[in-house]
Amino acid sequence: QPTVLHFPSYTRQQIIDIIADRLKQAGVEEVFSGATLQLLAGKVAAVNGDVRRALDIARRVVEVAERRVVLQPLTENGSTRQTVALQEVLSVVNDVYNTAQSLDSSQTGSFPLQQKLLICSLLLIRQTSKAKDITIGKLHEVYKKVCGRRNLSALDMSEFISLTSLVEARGILRITGKTHNRLSKVVLQWDETEVKSALQDKQLLAAVL
C-alpha cells in the first residue's frame, strides 16, 4: 500500500515573509503596508495556504491599485509610490476565492482541506458533547486536536476565525454576534447528513468521527 505524504500548507507568517521578500527584491516593499500583508496572508492561509495563490493575489492587487485614476503607476520611475488599500486587497481576495469556489462547486463540489477539517470538528463536537452552545474557541480547540492526530499544521485563532467566515459564506453554519471572536457561537445550518454528503470525503469523516 502506498505511503501517503502530507505536505503542510504555508502559514500566515511564512506567506508574509515570502511576499515581503519578493517585494524587496523588486524594490517596491513599501507598496504593501503591514496591515494589507497581514490581511492577504491571513485569508490565503485560512483557505489552503497556497503561496502561489497568495503571490497571484498580490500581483492582482497591485494591478488594481495602478488602475486607480488618481494615482500614477506604482512602478513608474520617479513617481511617488502609493500603498495599496485594505479594501483593494479584500476585493481581490473575495473575487479570487468566490470564483474558485464556484468552479469547485460546478466541477467537483469539493471543499478545501482546512474547511473540511473545521466542518468535521464541528460534527465531532455535536456527536460527543452534550453542550448546546459551541463557541469558536471550543471549535478551535477540537480542530487543533483533529489536525494533530493527522499530522497537519493547525491555523492559529485569527486565521481560524477567517476560516469560519469562509464556511459561513457557504451557508453551512452561522456565527452569532456582530463581530466574530473566540466567544462567538457557531450554529450548524444544514442537516448533518447533507453536510457529510457535501464533503465527499468518506475517508476523512471516518478518521475524524
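1. Start with the loop between α6 and α7, where Asn151 lies. This is a predicted model, and in it Asn151 has a phi near 55°, a positive value in a residue other than glycine. Asn151 follows helix α6. Is Asn151 buried or exposed? Its relative accessible area is 67%, so Asn151 is exposed, the cut-off being over 50%.

2. A second residue deserves a look for its backbone angle. Gln200 has a positive phi of about 55°, although it is not a glycine. Find Gln200 in the loop between α8 (192-199) and α9. Gln200 is exposed, with a relative accessible area of 54%.

3. Now step back to the overall plan. How many helices and strands are there? The protein has nine helices and two strands. Along the sequence, the order is α-α-α-α-α-α-α-β-β-α-α. Try to trace that order in the model above.

4. Next, burial and surface. The protein has 209 residues, and 41% of them count as buried. Its accessible surface is about 11,800 Å². Carbon and sulfur atoms account for 50% of that surface.

5. Contacts along the chain come next. Take the contacts between residues at least 6 apart in sequence. Of these, 62% join residues at least 24 apart.

6. Helix α6 covers residues 136-149. What distance does α6 reach from its first C-alpha to its last? With 14 residues, α6 reaches 20 Å, close to the 20 Å expected at 1.5 Å a residue. Its buried residues are Ile136, Gly137, Leu139, His140, Val142, Tyr143, Val146 and Cys147. Against what do they pack? Their partners are α5, α7 (157-169), β1 (173-175), β2 (186-188) and α9 (202-208).

7. An α-helix has 3.6 residues a turn, so residues three or four places apart point the same way. Lys138 is found in α6. Its relative accessible area is 38%, so Lys138 falls between the 20% and 50% cut-offs and is partly exposed. Lys138 and Leu122 are 16 residues apart along the chain, and their C-alpha atoms are separated by 9.4 Å.

8. Why does His140 count as buried? Its relative accessible area is 6%, and buried means under 20%. Which residues does His140 contact, leaving aside its neighbours within four places in sequence? They are Leu155, Asp156, Met157 and Phe160.

9. Val142 is another residue of α6. At 12% relative accessibility, Val142 counts as buried. Val142 touches Ser121, Leu124 and Ile125, not counting residues up to four places away in sequence. The C-alpha atoms of Val142 and Leu124 are separated by 8.3 Å, with the two residues 18 apart along the chain.

10. Turn to the nonpolar core. The largest one has 60 residues. Those with the most contacts inside it are Ile19, Phe32, Leu40, Ile57, Leu118, Ile119 and Leu139. Which helix gives the most to this core? Helix α5 (residues 113-128) does, with eight residues.

11. Leu40 touches Ile19, Phe32, Ala54, Ile57, Ala58 and Val89, not counting residues up to four places away in sequence. Among these, Ala54, Ile57 and Ala58 are listed as buried residues of α3.

12. Finish with helix α3 itself. Why does its length agree with expectation? At 1.5 Å a residue, the 16 residues of α3 (residues 51-66) should span 22 Å, and its end C-alpha atoms are 23 Å apart, which agrees. The buried residues of α3 are Val51, Ala54, Asp56, Ile57, Ala58, Val61, Val62 and Ala65. Which residue caps the N-terminal end of α3? Asp50 does, with a side-chain oxygen 3.0 Å from the backbone nitrogen of Arg52.

Methods
Residues numbered from 1 in each chain as written. Predicted model: local features only at pLDDT ≥ 70, side-chain atom pairs only at ≥ 80, totals over all residues. Heavy atoms only, no water. Helix = DSSP H or I, 4+ residues; strand = E, 2+ residues; numbered from the N terminus. Expected span 1.5 Å × (residues − 1). Buried < 20%, exposed > 50% of the residue type's maximum accessible area, 1.4 Å probe, protein only. Polar contact = N/O pair within 3.5 Å; in protein donor to acceptor, adjacent residues only side chain to side chain. Core = buried A, V, L, I, M, F, W, Y, C linked by side-chain atoms within 4.5 Å. Contact = heavy atoms within 4.5 Å. Areas by Shrake-Rupley, 256 points an atom, 1.4 Å probe, with all protein chains shown as cover.
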